[in-house]
Amino acid sequence: MFRLGLIGAGRMGQTHLRALANSSSVKVAAIVEPRAEVAAELAAKGHQVFANIGQLLAADAVDGFLVAVPSALHLGSIHELLPAKLPILCEKPTGLSSIEAGKIKTMVEAAGVRLQIGYWRRFLPQLQQLKARIEAGSFGKLLLIQCNQWDSAPPAAAFRNTSGGIFKDMGVHEIDQVRWLTSSEIVSLGARELMSHEVGVEDQDSAVIEMQLGDQTLALATLGRFYPEADYVGVEVFGSLGHERIDLLDATVGDGPQLAALLAQAEAFAEGANPNAANIDDAIAALTAVETATSFITEKSKK
């Protein structure tokens with residue numbers, strides 16, 4: 001049984017706990033959670049809880065780490081974990097900028113620590129099968145791929161104002177998905193955004209990223225904070241020989257596919273290197289792309 005140390009038990013950390021609850025090969029053996037009330041709730045459920053990373057490392061209780069703290073804390077948390085020389089699975093986007101992600105890359109490579117990035121959609125069977133069909137040429141010349149991600153409702157204003165905005169919070173998923181599915185890099189992109197209509201919220205309600213890939217394929221990513229039916233994630237592929245649309249998350253399936261993919265991701269992480277796993281270079285590429293999208297909008301607004 002691989003003993004996993006969970007760093008952060010906020011919204012995403014709690015989701016990972018749910019996903020791993022019934023794993024036969026990975027166990028959350030310890031949790032770092034500084035908020036006393038949350039730590040008490042976790043302890044009451046039988047979890048071993050530490051107030052900080054230093055206490056966890058001193059306990060020598062785990063075989064690897066899952067970093068699920070807010071994005072602004074990714075860099076510092078990984079830096080604290082490196083002395084343990086244990087593998088790290090870090091949530092996306094892995095820092096709030098490509099510069100931070102680059103610092104993380106330098107640190108982990110110097111320490112000789114394996115780092116996997118939590119782009120969980122790579123572990124959805126439907127997307128793995130879609131990628132295989134694209135690679136096999138089933139769609140002929142790939143013409144357009146469209147990826148959509150819409151939240152059923154926006155997160156709290158405090159999160160929206162500190163997450164880096166919709167491009168970094170959500171868009172990095174679509175960028176990574178496009179790059180992974182097509183095995184092609186983005187050579188140019190543009191973007192559009194609609195800022196929040198809520199007073200005091202510095203975030204977008206919706207946005208679109210338009211991309212051209214190195215193989216001349218076009219790609220679109222649509223992002224939104226309001227989809228009242230349920231959280232929605234979908235992908236659509238258009239090719240000269242075929243077309244396919246897959247609804248990955250919607251009201252009919254709830255968060256079941258996400259939990260299953262998070263479980264598969266953690267179990268793959270525990271086993272070691274996996275061909276589907278995202279690495280720090282993937283994280284840097286996604287962050288660089290959404291930064292370019294933001295710059296595109298900024299420059300366009302000046303004209």
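Hi everyone, let's start with a pair of strands: strand S5 (residues 88-91) and S6 run parallel, joined by four bridges. Two strands count as paired if DSSP finds at least two bridges between them. The names come from DSSP runs numbered from the N terminus, with helices being H or I of at least four residues and strands E of at least two. Within this pair, Ile88 stands opposite Leu115 in S6.

Before I go on, a word on the source: this is a predicted model, where local features need pLDDT of at least 70 and side-chain atom pairs count only at pLDDT 80 or more, while totals for chains, interfaces and linings use all residues. Residues are numbered from 1 along each chain as its sequence is written, and side-chain values use heavy atoms, with hydrogens and water left out.

Back to the strands. S5 and S6 belong to an open sheet of six strands, ordered S3-S2-S1-S4-S5-S6, with parallel pairing. At the edges sit strand S3 (49-50) and strand S6 (115-118), each pairing on one side only.

Now for the other sheet on my list. What is its strand order? This open sheet, also of six strands, runs S8-S9-S10-S7-S11-S12, and its pairing is mixed. Here the edge strands are strand S8 (186-195) and strand S12 (243-249), which each pair on one side only. On average, neighbouring strands of this sheet are turned by 10° against each other, direction ignored; axes here are lines fitted to C-alpha atoms, for helices over the stretch in contact, and angles run from 0 to 180 degrees between N-to-C directions.

S8 is joined to strand S9 (residues 204-213) by nine bridges, antiparallel, and Leu189 stands opposite Met211 in S9. S7 pairs with strand S10 (residues 218-224) in the parallel sense over seven bridges, with Asn148 opposite Thr222 in S10. With S11, S7 pairs in the antiparallel sense over eight bridges, and there Trp150 faces Tyr232 in S11.

Next, the helices. H6 and helix H8 (residues 166-182) pack at about 45°, their axes 8 Å apart. That makes H6 oblique to H8, given that under 35 degrees is roughly parallel, over 145 roughly antiparallel, 65 to 115 roughly perpendicular and the rest oblique. Which residues meet? From H6 we have Leu127, Gln128, Leu130, Lys131 and Ile134, and from H8 Gln177, Trp180 and Leu181.

In H6, Leu127, Leu130, Lys131 and Ile134 are buried, where buried means under 20% relative accessible area, exposed over 50% and partly exposed in between, using a 1.4 Å probe and protein chains only. They cover an arc of only 100° around the axis, so they lie on the same side of H6; the arc is that of the directions from the helix axis to the C-beta atoms. Their cover includes S7, H8, S11 and S12. After H6 comes Gly137, with a positive phi near 85°.

Is Ala101 buried or exposed? Its relative accessibility is 0%, so Ala101 counts as buried. Leaving aside neighbours within four places in sequence, Ala101 is in contact (heavy atoms within 4.5 Å) with Thr94, Ile280, Ile284 and Leu287. Ala101 and Ile284 are 183 residues apart in sequence, yet their C-alpha atoms are 5.8 Å apart in space.
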